[in-house]
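Keep the viewer open as you read.

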Amino acid sequence: MAHVIQPLDQPSNYKDSQTRMDRKRQNEMLVNSTTLYIGNLSFFTTEEQIYELFSKCANAADGGGIKRIIMGLDRNTRTPCGFCFVEYYTHAEALASMRYVSGTKLDERIIRCDLDLGYREGRQFGRGKSGGQVRDEHRQDYDPGRGGWGAQAQRLEVERRRAVEERYSDAQDGPGAVAGGGEEWKEIETSEGKLKRGRSPEDEGDNDRMGRRTRIEEVTEADRM
């Protein structure tokens, strides 16, 4: 049965797309790698949470432990974008994390761990056009843990809303436009806290005419009596 079950501490097909090494050379280097690439993280997962989880596989008594954690950042906003690097002091600790941590949940997300060739400056930034990870560039589903909709879907929505606003703006200036109105109806606050429009000169004229009509009716009624 040993040949049926895939070992949990073996590297996957993960590969740094920017490395110029061939696959054979990469595999040779991964044999002694102490660095892990951690993927599918929530944007809200903190470095402290990552340290707490991955330190469970550290062995400080034998000179090991976590050497450093490098959080993956959006290239434009410098905010977490869903991945990180965890560097141990020993290769055995990295393998232990692959065996016991990869595939478990952190912040309600199933994370994955892969051996990495080693962190280099600049790899902490996302490579997507929008600054984040490439996987979030074309994602069509809504994922609240990774910023909502994918970057491309968000751009399309922004463009759609802008087109709608421009269309309605043109309609207000064109033939058959509906007047906005309402500017002469000024709202004031009464002592009861309710709002009503202010009195206009036309209102005063109407009230005067109504007052004169009432007085004439009273005089006519008195003459009849």
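## A tour of the fold

Y142 is exposed, with a relative accessible area of 51%. Bear in mind that this is a predicted model. Y142 belongs to the loop that runs between strand 6 and helix 4 (151-173). Leaving out residues up to four places away in sequence, Y142 touches G148 and W149.

Four strands make an open sheet in the order 2-3-1-6, and the pairing is antiparallel. Strand 2 and strand 6 form the edges, each pairing on one side only. Ignoring direction, neighbouring strands are turned against each other by 25 degrees on average. As background, strands of a sheet pair through backbone hydrogen bonds, either parallel or antiparallel.

Where do strand 1 and strand 6 meet? Their antiparallel pairing runs over five bridges. T35 in strand 1 stands opposite D116 in strand 6, and G39 has R112 of strand 6 as its bridge partner. Strand 6 is an edge strand, yet four of its five residues are buried, so strand 6 is largely enclosed by the rest of the structure.

T35 is buried, with a relative accessible area of 4%. Setting aside neighbours within four places in sequence, its contacts are F85, V86, E87, D114, L115, D116, G118 and Y119.

**Helices on the sheet**

Helix 2 packs on the sheet and touches strand 1, strand 2, strand 3 and strand 6. The direction of helix 2 makes about 140 degrees with that of strand 2. Helix 3 lies across strand 1, strand 3 and strand 6, at about 155 degrees to strand 6.

Which residues of helix 3 are buried? They are E93, A94, L95, A96, S97 and M98. Their cover includes strand 1, helix 2, strand 3 and strand 6.

In soluble globular proteins, nonpolar side chains tend to be buried together. Here the largest nonpolar core has 23 residues, and those touching the most other members are L36, I38, I50, F54, V86, Y88 and I111. At least two residues of this core come from each of strand 1 (35-39), helix 2 (47-54), strand 2 (66-73), strand 3 (80-88), helix 3 (91-100) and strand 6 (112-116). Helix 3 gives the largest share, four residues.

Y88 shows how these parts come together. Not counting residues up to four places away in sequence, Y88 touches T34, L36, F54, C57, A58, G65, I66, K67, E93, A94 and S97. There is also a second, separate core of six residues, with Y37, I70, C81 and F85 among them.

**Aromatic rings**

How many aromatic pairs are there? The count comes to five.

| Aromatic pair | Centre to centre | Angle between planes | Arrangement |
|---|---|---|---|
| Y37 and F83 | 5.7 Å | 20 degrees | stacked |
| F83 and F85 | 6.0 Å | 85 degrees | edge-to-face |

The Y37 and F83 pair is stacked because its planes are at 20 degrees, under the 30 degrees that counts as stacked. This pair links distant parts of the chain, with Y37 in strand 1 and F83 in strand 3, 46 residues apart. Y37 and F83 are both buried; for F83 the relative accessible area is 5%. F85 is buried too, at 1%. Y37, F83, F85 and Y119 make up one aromatic cluster.

**Cysteines**

If you are wondering about disulfides, a search of the whole structure finds zero. C84 is in no disulfide, and its nearest cysteine sulfur, that of C113, is 8.4 Å away.

Definitions and conventions. Residues numbered from 1 in each chain as written. Predicted model: local features only at pLDDT ≥ 70, side-chain atom pairs only at ≥ 80, totals over all residues. Heavy atoms only, no water. Core = buried A, V, L, I, M, F, W, Y, C linked by side-chain atoms within 4.5 Å. Buried < 20%, exposed > 50% of the residue type's maximum accessible area, 1.4 Å probe, protein only. Contact = heavy atoms within 4.5 Å. Disulfide = S-S within 2.5 Å. Pairing = 2+ DSSP bridges. Axes fitted to C-alpha atoms, helices over the stretch in contact; angles between N-to-C directions. Phe/Tyr/Trp six-rings, centres within 6.5 Å; stacked < 30°, edge-to-face > 60°.
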